[in-house]
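The report below works through one structure by topic, beginning with the arrangement of its parts and ending with contacts across chains.

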Amino acid sequence: MPKDGGIGASTKRREDVRFLTGKGRYTDDINIRGQAYAWFIRSDVAHGKINSIDSSAAEAMPGVVKVFTAADFAGVGGIPCGWQVTDRFGKVMQEPKHPVLADGKVRHVGDPIAVVVAETLEQARDAAEAVEIDITELPAVVNMKAALLPDSPKVHEELTSNLCYDWGFVEENKAAVDEAFEKAAHVTTLELVNNRLVANPMEPRVAVGDFESHSGQHTLYTTSQNPHVIRLLMGAFVLGIPEHKLRVVAPDVGGGFGSKIYHYAEEAFVTFAAKALNRPVKWTSSRSEAFLSDAQGRDHVTKIQLALDADNNFTALRTDTYANMGAYLSTFAPSIPTWLHGTLMAGNYRTPLIYVNVKAVFTNTIPVDAYRGAGRPEATFQLERLVDKAARELGVSPIELRRQNFIKPDQFPYQTPVAVVYDTGNYHATLDRVLEISNYAGFEARAAESKARGKLRGFGLAHYIEACGIAPSNLVGQLGARAGLYESASVRVNATGSITVFTGSHSHGQGHETSFAQVVAEMIGIDAGQIDIVHGDTSNTPMGMGTYGSRSLAVGGSAIVKATNKIINKAKKIAAHLLEASEGDIELKDGKFTVAGTDKSVDWVGVTLAAYVPHNYPLESMEPGLEETAFYDPSNFTYPSGGYACEVEVCPETGKVTICAFSAADDFGNIVNPMIVEGQVQGGLAQGIGQALMENCAYDENGQLLSGSFMDYAMPRADDFPMFTVDHSCNTPCTHNPLGVKGCGEAGAIGSPPAVVNAVIDALHRAGRTDIAHIDMPLTPSRVWSAMNA
Amino acid sequence: MHNFELVKPSTIAEAVAALGQEGAQALSGGQTLIPTMKQRLNMPDMLVSLTGIAEMKGVCKGDGGLHIGAATQHAVVAKEAAAAYPALAKLAGGIGDPAVRNRGTIGGSLANNDPSACYPAAALASGATIVTNQRSIAADDYFQGMFATALEEGEIITEIRFPIPEKAAYLKFEQPASRFALTGVFVAKYPSGVRVAVTGASNDGVFRWAEAEAALSANFAPSALESLSLSGEGMIADLHGSGDYRAHLAKVLTKRAVLAAS
């Protein structure tokens with residue numbers, strides 16, 4: 001088969017041709033004859049009682065079709081939450097109502113109150129200014145710890161407090177952990193904040209609703225990472241539309257990073273309004289609106305402690321985290337600080353006893369949910385900062401303290417004390433590799449050169465582990481997930497041998513159209529150009545769970561392998577018939593079926609044609625055609641890991657941190673397309689370093705968003721970074737999926753923040769500022785300068 | 001954006017006449033005005049574009065220095081002022097991004113007087129003269145606080161005249177998100193003395209740092225500034241830095257500007 005088309009080839013991304021030439025078809029490119037435009041009127045206060053809404057003047061304005069308010073949604077369900085967490089006392093979490101449009105109260109800046117639908121967007125906006133809304137502002141709940149005080153105002157009156165849940169993991173270990181701390185030779189304590197982020201995908205969200213009155217068929221075009229999940233959540237829980245009458249299409253999507261997983265009110269609105277008005281309704285978010293309505297990420301406040309024995313072995317770890325849920329529970333919000341965070345607290349280490357406590361809190365802020373990494377960056381950041389601090393307190397090398405406590409290569413599979421079992425890994429290898437590619441040996445010389453220029457140079461290391469390939473359905477069901485997390489694929493072989501693969505995964509930048517085709521091309525031995533990947537439309541793909549959690553190749557790719565194997569098995573039977581041989585003797589190589597040990601063969605097209613023109617075909621024992629569907633449910637998570645090294649220069653005069661070099665040595669298991677993997681790591685690093693140095697979603701004490709545009713929310717630009725050194729030569733393939741792959745989408749964002757902060761602290765300590773133990777992200781010039789001049 | 005009328009006069013007289021109408025507002029490069037109109041924070045009935053007026057464009061040497069038409073884009077200043085006044089050209093070439101520099105104009109920037117804009121520092125440190133359709137205003141009299149200037153209703157800047165210094169430099173420390181000046185300092189050395197203007201830092205907008213000017217007039221070297229400090233009182237404090245930080249940056253940047261001056 002052609003060398004450049006199969007597994008392991010850095011095939012150029014076929015989808016980029018359309019993206020780069022302006023031929024992509026995004027949701028906003030979809031315009032349906034007769035469509036009206038929706039404009040959402042959003043709350044400009046964080047917390048308030050809605051006294052009245054008078055839309056009569058607006059409804060009389062030119063072009064206005066209708067003004068919708070909560071009253072129109074009286075018979076409609078609320079936006080559902082897809083995960084129920086049970087707390088340390090066996091009680092289920094507090095789950096507030098989340099109406100499509102604010103009903104009686106607004107709970108965050110941006111909470112939608114009313115929607116004007118008009119013939120044009122400008123008419124809708126003009127009329128929106130004429131809708132009179134009387135709101136009595138209430139005291140806002142912003143700070144999480146204050147939100148839990150008994151006299152705090154409540155975000156939701158129907159709940160007993162602002163506490164969503166108080167989760168302990170592993171609750172049974174708590175006493176033993178506390179005891180280990182009492183016996184410890186040394187305890188290191190660190191308090192830190194994991195800053196709130198705004199995902200900011202390049203394409204803001206868009207939703208277009210359509211309805212056919214003659215058939216009762218609804219269609220929603222939406223910027224989603226998982227159209228089937230939206231169909232299930234919105235159809236079953238919000239609008240009561242049976243799935244066979246609801247089609248959800250997520251066409252080309254310009255980035256998601258988690259923020260397009262969730263079911264949003266705007267999707268339910270346009271679907272509902274299209275039927276109510278009997279005409280298509282379109283909503284396109286502006287960038288400003290995205291800041292106010294897309295789920296945000298992170299926002300943890302943590303105290304973490306490590307116990308060590310006299311030989312510097314880790315003996316126990318405990319954490320105490322407050323996790324911000326925002327005003328409502330977004331689709332997967334409760335799972336992020338719990339099952340995607342607590343289970344990762346072992347990191348790369350043999351720490352035998354771990355206890356994680358997480359209090360999830362409602363505040364009058366925009367809802368928080370998964371953002372690239374989702375829980376795992378929060379776990380990695382606190383752990384890797386803590387290990388670094390412990391090494392400094394003990395006067396040992398952070399590198400050697402890590403190496404000493406790593407899980408050893410011969411200890412896999414490794415049962416951690418936080419439920420998960422790591423199948424494979426080699427942390428010593430990735431550590432050695434990252435020190436090599438970052439030229440750690442030459443650091444002192446570089447530091448001296450920086451010093452000569454008046455700059456402080458520092459070297460920071462971080463190791464990470466993540467749980468990807470989400471996830472075994474029976475396991476997540478026990479943990480509170482209200483969905484399965486398998487993936488699906490249908491492989492349709494056409495009569496002349498070309499192949500269409502329908503996948504339940506969704507590509508919004510990941511390059512599936514290229515890499516998935518490489519997998520099938522490799523298996524059958526035909527040119528990848530003969531294979532097309534179709535995704536994103538519930539009307540033609542089997543029920544799938546979509547793309548997030550670095551799962552697409554590990555879970556979706558495995559479903560494609562399963563379906564392709566079914567195809568190959570059937571094709572071999574057909575070949576055996578055509579060649580008058582026994583099925584067991586048929587070998588497939590380079591797109592050709594051969595009877596083993598003979599020169600008798602039939603090529604791929606000969607078999608596919610026979611399947612669809614079955615003149616010479618065993619019709620009595622086998623159906624014609626060549627099309628197979630498979631569902632793959634993983635037996636475990638996958639565990640990518642890696643070592644990251646960051647080198648910085650700090651300007652002592654201004655506090656400005658410059659990244660001089662960043663090196664990543666990742667273990668992703670087997671790799672299908674190294675170029676795409678490198679791109680994923682580079683993008684993840686940009687986001688992780690962005691979090692560490694620049695990005696910060698800030699609210700004032702009244703719940704007003706201070707960083708509501710790119711004027712104040714610092715999105716990294718390319719020139720904020722050096723060229724990254726990315727390596728994935730240390731590979732321990734996953735043992736439980738057919739491709740041996742682990743997932744690479746989130747690694748960069750998970751491993752990089754602690755490496756950056758460790759490097760800055762290293763630079764300050766080398767300059768004698770050992771009094772500075774920690775600086776909270778983002779390490780902006782002003783924050784670093786303030787720490788140095790406190 | 002609300003609907004508005006757009007007129008594009010070709011002479012200053014026509015522009016002044018158009019601006020006399022109810023609800024009319026001058027439009028230069030639109031880099032501030034258009035975004036605020038898109039957000040519906042500003043809704044003029046009529047925009048009077050100043051970019052089609054030939055006599056308001058271009059860079060040339062004239063009486064007492066370099067004359068720049070108010071409707072000249074930053075990109076043009078960056079190129080055409082490079083020989084005569086390199087520090088000014090460099091400032092212009094460092095504003096925003098290429099799209100901003102090819103739209104935004106020097107007159108628009110000075111009329112808006114954003115507290116974080118670059119041009120006010122150049123005009124004030126150079127002791128420039130702001131020429132309008134009515135009069136000439138000394139830079140020292142022109143800047144009157146954040147977004148406030150000496151311009152009267154309907155008065156438009158037509159030209160800015162910069163005396164050319166012996167040496168000058170502008171250095172800005174960028175706000176990480178917007179890349180406007182978190183603090184920017186323009187130092188200009190004239191035979192009559194040194195002028196130092198600080199932008200981005202003060203709640204009162206661009207200002208001259210008198211102590212630094214006196215010290216540098218006596219000794220044009222970074223060491224002359226050692227014993228000086230600015231107070232953080234009255235400085236802008238926000239997400240991106242405290243008043244003390246901005247005051248500190250002003251000193252650091254002044255020293256660096258003295259070193260960089262050419």
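## Domains of chain A

In this predicted model, the C-alpha centres of domain 1 of chain A and domain 2 of chain A lie 39 Å apart. Domain 1 is made of residues 3–23 + 486–632, domain 2 of residues 31–138 + 202–255 + 260–293, and domain 3 of residues 373–470 + 636–788.

Domain 1 of chain A brings 14 residues into contact with 16 residues of domain 2 of chain A. On the side of domain 1 of chain A that touches domain 2 of chain A, the residues divide into 10 polar, 3 nonpolar and 1 charged.

## An open sheet in chain A

Strands of a sheet pair through backbone hydrogen bonds, in either a parallel or an antiparallel sense. In chain A, an open sheet of 3 strands has the order E4-E2-E6, and its pairing is antiparallel. Strand E4 (105–106) and strand E6 (132–137) of chain A stand at the edges, each with a single partner strand, so one side of each is left without a neighbour in the sheet.

The pairing of strand E2 (residues 48–54) of chain A with E6(A) is antiparallel and runs over 6 bridges. For A:Asp54, the bridge partner in E6(A) is A:Glu132.

## Packing of H9 and H18 in chain A

Helix H9 (residues 376–394) of chain A packs against helix H18 (residues 747–766) of chain A at an angle of about 25°, and their axes are 8 Å apart. Angles under 35 degrees count as roughly parallel, and H9(A) and H18(A) are therefore roughly parallel to each other. The crossing in which H9(A) passes H18(A) is right-handed.

On the H9(A) side, the contact is made by A:Arg376, A:Pro377, A:Thr380, A:Phe381, A:Glu384, A:Arg385, A:Asp388 and A:Arg392; on the H18(A) side, the contributing residues are A:Ala749, A:Ile750, A:Gly751, A:Pro753, A:Pro754, A:Val757, A:Asn758, A:Ile761 and A:His765. By class, the residues of this contact of H9(A) with H18(A) comprise 8 nonpolar, 5 charged and 4 polar.

## Contact between chains A and B

Across the two chains, 11 residues of chain B are in contact with 15 residues of chain A. Helix H10 (residues 243–260) of chain B gives the most to the side of chain B that touches chain A, with 3 residues. That side of chain B has 7 nonpolar and 4 polar residues, and no charged residues.

Key: Residues are numbered from 1 along each chain as its sequence is written. Chains are lettered from A and ligands numbered from 1 in the order in which they are written. This is a predicted model: local features need pLDDT of at least 70, side-chain atom pairs count only at pLDDT 80 or more; totals for chains, interfaces and linings use all residues. Axes are lines fitted to C-alpha atoms, for helices over the stretch in contact, and angles run from 0 to 180 degrees between N-to-C directions. Helices (H or I, at least four residues) and strands (E, at least two) are DSSP runs, numbered from the N terminus. Angles under 35 degrees count as roughly parallel, over 145 as roughly antiparallel, 65 to 115 as roughly perpendicular and the rest as oblique. A crossing is left-handed if the near helix is turned anticlockwise from the far one by less than a right angle, and right-handed if clockwise. Two residues are in contact if their C-beta atoms, placed from the backbone, lie within 7 Å. Ala, Val, Leu, Ile, Met, Phe, Trp, Tyr, Cys and Pro count as nonpolar, Asp, Glu, Lys and Arg as charged, and the others, Gly among them, as polar. Two strands pair if DSSP finds at least two bridges between them. Domain bounds come from an automatic or database domain assignment.
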